[in-house]
Amino acid sequence: MADTHDLPDDARFETRAIHAGQGPDPHNGAGMTPVYLTSTYAQDAPAVPRQGYEYSRTTNPTRTALEENLASLEGGAWGLCFASGLASTNALMDRMNPGDHVVAGNDLYGGTYRIFTKVFERFGVEYTFVDTSDPAKVREAMRPNTRYVYVETPSNPLLRLTDIAAMAELAHAGGAQLVVDNTFATPHLQRPLEHGADIVLHSLSKYLGGHSDLIGGALVGRDEATREELAFFQNAVGGCLAPMDAFLVLRGTKTLGVRMDRHCENAAAVAEYLSNHDAVERVIYPGLPDHPQLMIAQRQMAKPGGMLSFELNGGVEAANAFASATRVFTLAESLGGVESLVEVPPSMTHASIPPEVRRAAGLADGLVRLSVGIEHVDDLVADVERALSIAVGSQAQRAGAAS
């Protein structure tokens, strides 16, 4: 493993992003963390691994460097990296026993909802989905057998915000742990452990990697007993992050701060443009004054983030027309890369959620989600303007044909 060299205790986020877990290699002074493409390691004696490494499913020096880096960025004591964000979620659920209960947000990434309801419900784990932006609903959903309160904040795709400190108090009062999916905000904008959360989850494929060229996930926390349980499942189940992918995330975290600043600037400009357009029914962005949890955003987030959603007056037909007409925004799933992406969640990332469940949670069929990249803001606004004009024109044509 690389020599991490001590950073000052008061080192700022951007400094830790570049240096934490990533000191010069002790063998040759290499400035970048090596990619340790090895499956096994020489041992000093039977069952006496050298520097703690014996097999790369269990530990790998490149992955260790990333885990230390993420722990530093989130203000945690440990990090564990997995082959995908859902592999991270799977490790969390592997701790459950039949009859255990989870309170989760009703506005979740579709893959999270799928693994909860299609995989772990089969083994007797129970779930209650509520609007976690309302503490009263979470309190009402808690049971004696609740082990997790699981929230996304901002949520995907409705960008609802949950008061992390309030959720931590509710969870701990009921003997549960609070898990916060911090993928949308990243530790540059929000650090849930500082507000009382027990475990932070990330899809590394998104902002932390930042270049849409890898799949990965991570869990970060402070409690050592929790780490030991999760590390057992990381090794026993085998869903660990490959060393090359760990290296790519390390490359991404170095520029996380400057990228997130540009993502936020661009998203704010696009959100403002959309909010003033006659064809747009509503815009959901934590930086707009009409966001219902604006005060929470100002209290626990440094900036509102690079994600926004909106609905057009023409519903799903207008949404599909808009998403198909952009030229700078790419029509694709995922988010958090340097390039801008557009999608229609009900037919893409959230298609695994039954329509009646989506609609009950407030996810309209015509919702559009934008991951605003770091291109020039004028090009992004012009692309949105162009696509809106096409969507409005298509709607007018349909209305004319119908009459």
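Predicted model: local features only at pLDDT ≥ 70, side-chain atom pairs only at ≥ 80, totals over all residues.
In which loop is Gln 51 found? Residues are numbered from 1 along each chain as its sequence is written, and side-chain values use heavy atoms, with hydrogens and water left out.

**View A. Gln 51 in the loop between strand 2 and helix 2 (61-74).** Helices (H or I, at least four residues) and strands (E, at least two) are DSSP runs, numbered from the N terminus. Although Gln 51 is not a glycine, its phi is positive, at about 55°. The residue counts as exposed because its relative accessibility is 58%; exposed means over 50% relative accessible area, calculated with a 1.4 Å probe on protein chains only, whereas buried means under 20% and partly exposed lies in between.

**View B. Ala 47 in the loop between strand 1 (43-45) and strand 2 (48-49).** Ala 47, a residue other than glycine, has a positive phi near 65°. With a relative accessibility of 70%, Ala 47 therefore counts as exposed.

**View C. The cis peptide bond from Thr 153 to Pro 154.** Omega for this bond is near -5°. Pro 154 belongs to the loop that lies between strand 6 (146-152) and helix 6 (164-173).

**View D. The cis peptide bond joining Asn 156 and Pro 157.** Here omega is about 15°. Pro 157 is located in the loop between strand 6 and helix 6.
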